[in-house]
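Notebook open. Today I am looking up helix faces and ring pairs.

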Amino acid sequence: TEVKAGLKDLFTSSLGDLLHEVFPDGEASILQELAAIISIPGAPRQVLHSDTTYTDEAVLYTAFIALQNVTQDMGPTTLLPGTHSAEAHQLFDDAMQKDQLLRSTPHLQAPIHVGDAVIYDSRLLHCGGANEERREGQLDRLDQRVLFYFSFSPRGGLEQSNNVASITSELQGKYGLASLRRAVGC
C-alpha cells in the first residue's frame, strides 16, 4: 500500500536515523498515532495547544510529513520553540501571564515542501494555521493542506502521564519502532 511504501521511505531516510537516535531500543517505543491531518480552504486556525499535558519527561514525539508543498496561504503549522518546559506550561495555563508568554516567545512557522518533515516533543505549544488558499475561486484538492503524521512514545510513558493515544484500537500497542520497521520491509 501507499502508507507502507511511504513508511519504508521514511525509515530509510535521515528522519529514520533520527528516530533511531531518539529510540535506540526500537521495542522500547510504541506507535501511538498514525493518521493524516487535512485542512481545507476556509478552515480556521487551530487554537494554540500542546498534544499532551506537561510531564517531567517527554511522553510522545510526533513527526508530520507534507504530502504537498505547504504555502503560507495554506496555514502552515506554527511552533513555539522552548514551550515544552514546565515554566512555559505554567505561564500558558495562567490567564494573567499567558499573553506575556505569547508576546515574548518566538513563533516559528513551518511552510514545508512535499516530503519535508517536522518532528516535535508533544509538550510543545503549536497550532495549524488558517487555510486561506484559493485557486481561481474554486475548491481544488491542491488547496488542501495534508500532513501525514505519526507519534511514538517510550513504552508505558503515555499511559503513566494520563494522556491517551489516538490510534485505532486494532493497532494500539501493536507496534514498536523496530517492529514497524520490520513490518514495512526495513
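Which residues in helix α3 (residues 86-93) are buried? I found Ala88, His89 and Phe92 buried there. Buried is under 20% relative accessible area, exposed over 50%, and partly exposed in between, with a 1.4 Å probe and protein chains only.

Before going on, a note on the source: this is a predicted model, where local features need pLDDT of at least 70, side-chain atom pairs count only at pLDDT 80 or more, and totals for chains, interfaces and linings use all residues. Residues are numbered from 1 along each chain as its sequence is written, and side-chain values use heavy atoms, with hydrogens and water left out.

**Helix α3**

I looked down the axis of α3: its buried residues fall within an arc of 95 degrees, so they line one face of the helix. The arc is taken from the directions from the helix axis to the C-beta atoms. On the face turned away from the buried side I noted the exposed residues Glu87 and Gln90. The cover over the buried residues of α3 includes α4 (98-104). Helices (H or I, at least four residues) and strands (E, at least two) are DSSP runs, numbered from the N terminus.

I also checked Phe92 for a charge: the charged end of Lys98 sits over its ring, 4.3 Å from the centre. That call needs NZ of Lys or CZ of Arg within 6 Å of the ring centre and within 35 degrees of the ring normal.

**Ring pairs**

How many aromatic pairs does the structure hold? I get 3. The rings of Phe148 and Phe150 have centres 6.3 Å apart and planes at 50 degrees, so this pair is tilted. For Phe150 and Phe152 the centres are 5.9 Å apart and the planes at 75 degrees, so that pair is edge-to-face. Rings of Phe, Tyr and Trp (its six-membered ring) pair if their centres lie within 6.5 Å; planes under 30 degrees apart are stacked, over 60 edge-to-face, the rest tilted.

I logged Phe148, Phe150 and Phe152 as one aromatic cluster. Relative accessible area is 14% for Phe148, which is buried; Phe150 is buried at 2%, and Phe152 is buried at 1%.

**Around Phe148**

Phe148 is in strand β7 (residues 145-154). Leaving aside neighbours within four places in sequence, I listed its contacts (heavy atoms within 4.5 Å), among them Val3, Leu34, Phe64 and Ile65.
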